[in-house]
Amino acid sequence: MSRFGPGVTLNDPAFIHETALVYGKVTISEGASLWPYVVIRSEMHEVRIGKRTNIQDFVMIHVGNTTQTIIGDNCSITHHVTVHGAEIGDNCLIGINSTLMDGVKIGKNCIIAGHSILTEGTEIPDNSIVAGAPAKVIKTRDNGAANIMNAAFYFENAKAYARGEHRVTDLPEFGAAMQAELEKLGQNKG
């Protein structure tokens, strides 16, 4: 993990695949993971990846001309997503092959459906389900718990990959970790 330049801060990520490319002022938080062929560049402004957030295969993250990229905690940025100068709140899932353009702001607990295109300056409120090109809110629902569980799965998977284990669901401690996460979520609700 030491192959990145001086502007990159690694705050104990769970896993960074050897093919990930990270340049400029970028912070990767505790428990986060970068999967195969992720590219993150920040020649100006900054990119911040939150705790236990997973950046999946072939994701491209960049900054805008006037906008930084901030991704909250417990987010899943799924395969082939492009995030360009956007802000994403905690506990969000951004679906496969979606595009988020400059100035997009997504609230907490949201799901962005696969292949969605969020045009410049789009603002999405908390607890939204969004789809389309251009994307719009199609439903309102608190998706936080489901999105946290997805992030927890990727966190456990990232820890396993870091140890060279590639079948996390076969490991005896996996079920216990997921059950503990569910229980923690249940305690936070009540």
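# A walk around R52 and beyond

Start by selecting R52: with a relative accessible area of 15%, R52 is buried (buried is under 20%, exposed over 50% and partly exposed in between, using a 1.4 Å probe and protein chains only). A word before you go on: this is a predicted model, where local features need pLDDT of at least 70 and side-chain atom pairs count only at pLDDT 80 or more, while totals for chains, interfaces and linings use all residues. Residues are numbered from 1 along each chain as its sequence is written, and side-chain values use heavy atoms, leaving out hydrogens and water.

**Stop 1: around R52**

R52 sits in the loop between β5 and β6 (54-55). Helices (H or I, at least four residues) and strands (E, at least two) are DSSP runs, numbered from the N terminus. Now show the neighbours. Leaving aside residues up to four places away in sequence, R52 touches E30, G31, A32, N74, C75, I148, A151, A152, F155 and E181; contact here means heavy atoms within 4.5 Å.

A salt bridge is a side-chain nitrogen of Lys or Arg within 4 Å of a carboxyl oxygen of Asp or Glu.

**Stop 2: helix α1**

Next, select residues 144-162, which form α1. At 1.5 Å a residue, its 19 residues should span 27 Å, and the end C-alpha atoms are 26 Å apart, which agrees; the expected span is 1.5 Å times one less than the number of residues. Colour the buried residues of α1, among them I148, A151, A152 and F155. Those four are also on the list of residues that R52 touches. Just after α1, look for G164, which takes a positive phi of about 85°.

**Stop 3: R163 and its partners**

Select R163, partly exposed at 46%. The side chains of R163 and E165 meet in a salt bridge, 2.9 Å from N to O, and E165 is partly exposed at 29%. R163 also forms a salt bridge with E173, with the closest N and O atoms 3.7 Å apart. This second pair links distant parts of the chain: E173 is in helix α2 (residues 172-189), while R163 is in the loop between α1 and α2, 10 residues away. A search of the whole structure finds 8 salt bridges.

**Stop 4: the strands**

Now select strand β3 (residues 21-28) along with β1 (residues 8-10); the two pair in the parallel sense over 3 bridges. Strands count as paired if DSSP finds at least two bridges between them. V8 has V26 in β3 as its bridge partner.

Near the end of your selection, pick R48 and E46: they form a salt bridge with the closest N and O atoms 3.5 Å apart. Is each one buried or partly exposed? R48 is partly exposed at 37%, whereas E46 is buried at 17%.

**Last stop: residues 47-106**

UniProt, in an unreviewed entry, places "domain: FHA" at residues 47-106; its positions are given in the numbering used here, feature names are shortened, and annotations may be inferred rather than shown by experiment. Select the span and you'll find 0% helix and 40% strand, with end C-alpha atoms 16 Å apart.
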